[in-house]
Amino acid sequence: EPVDVRSASDAFAARYRGYPAITVTCRDEHGRSPLHHRRSDLPEHVEPDALAAAEEVCVELAEALDATVGPELPEP
């Protein structure tokens, strides 16, 4: 689900410079990230299924971008 994040994210610097960018996050059933930037924000609290789902979304997004935008990019 799309979420409008009002704080600086990893995409902020790119967007600030005019590049298209997104941030992919995992949220709970209420759309929140309850442990984000807290002392309890530790690797052992990452849910493996959520991480696998986020990875799948990122791979699908990268493949879709490569198929649609990639052909328009100049060769390096």
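A nonpolar surface patch is made here of Val, Leu, Ile, Met, Phe, Trp or Tyr residues that have over 30% relative accessible area and no salt bridge, with side chains joined within 5 Å. The model treated below is predicted.

**Exercise 1.** State which residues form the nonpolar patch on the surface, and place Val-24 in the chain and in its accessibility class.

*Solution.* 
1. The patch consists of Ile-22, Val-24, Val-57, Leu-61, Leu-65 and Val-69, and their accessible area together is about 480 Å².
2. Val-24 belongs to the loop that runs between helix 1 (12-16) and helix 2 (48-68).
3. Val-24 is partly exposed because its relative accessibility is 38%.

**Exercise 2.** Identify the patch of negative charge on the surface and decide whether Asp-66 is buried or exposed.

*Solution.* 
1. Glu-55, Glu-56, Glu-60, Glu-63 and Asp-66 make up the patch.
2. Asp-66 lies in helix 2.
3. The relative accessibility of Asp-66 is 54%, so Asp-66 counts as exposed.

**Exercise 3.** Compare the radius of gyration of the protein chain with that of a compact globule of 76 residues, and describe the chain as a whole.

*Solution.* 
1. The globule would have a radius near 11 Å, whereas the protein chain has 15 Å.
2. The C-alpha trace spans about 45 × 30 × 20 Å along its principal axes.
3. The secondary structure holds two helices and zero strands.
4. Among the 76 residues, 4% count as buried.
5. The chain exposes about 7,200 Å², 55% of which comes from carbon and sulfur atoms.

How values were computed:
Residues are numbered from 1 along each chain as its sequence is written. This is a predicted model: local features need pLDDT of at least 70, side-chain atom pairs count only at pLDDT 80 or more; totals for chains, interfaces and linings use all residues. Side-chain values use heavy atoms; hydrogens and water are left out. Patches are made of residues with over 30% relative accessible area and no salt bridge: like charges are joined within 9 Å, nonpolar side chains (Val, Leu, Ile, Met, Phe, Trp, Tyr) within 5 Å. Accessible areas come from the Shrake-Rupley method with a 1.4 Å probe; for residues, only the protein chains shown count as cover. A salt bridge is a side-chain nitrogen of Lys or Arg within 4 Å of a carboxyl oxygen of Asp or Glu. Helices (H or I, at least four residues) and strands (E, at least two) are DSSP runs, numbered from the N terminus. Buried means under 20% relative accessible area, exposed over 50%, partly exposed in between (1.4 Å probe, protein chains only). Lys and Arg count as positive and Asp and Glu as negative; His and the chain ends are not counted. The place of a charge is taken as NZ of Lys, CZ of Arg, CG of Asp or CD of Glu. The radius of gyration is taken over C-alpha atoms; the globule rule is 2.2 Å times the number of residues to the power 0.38.
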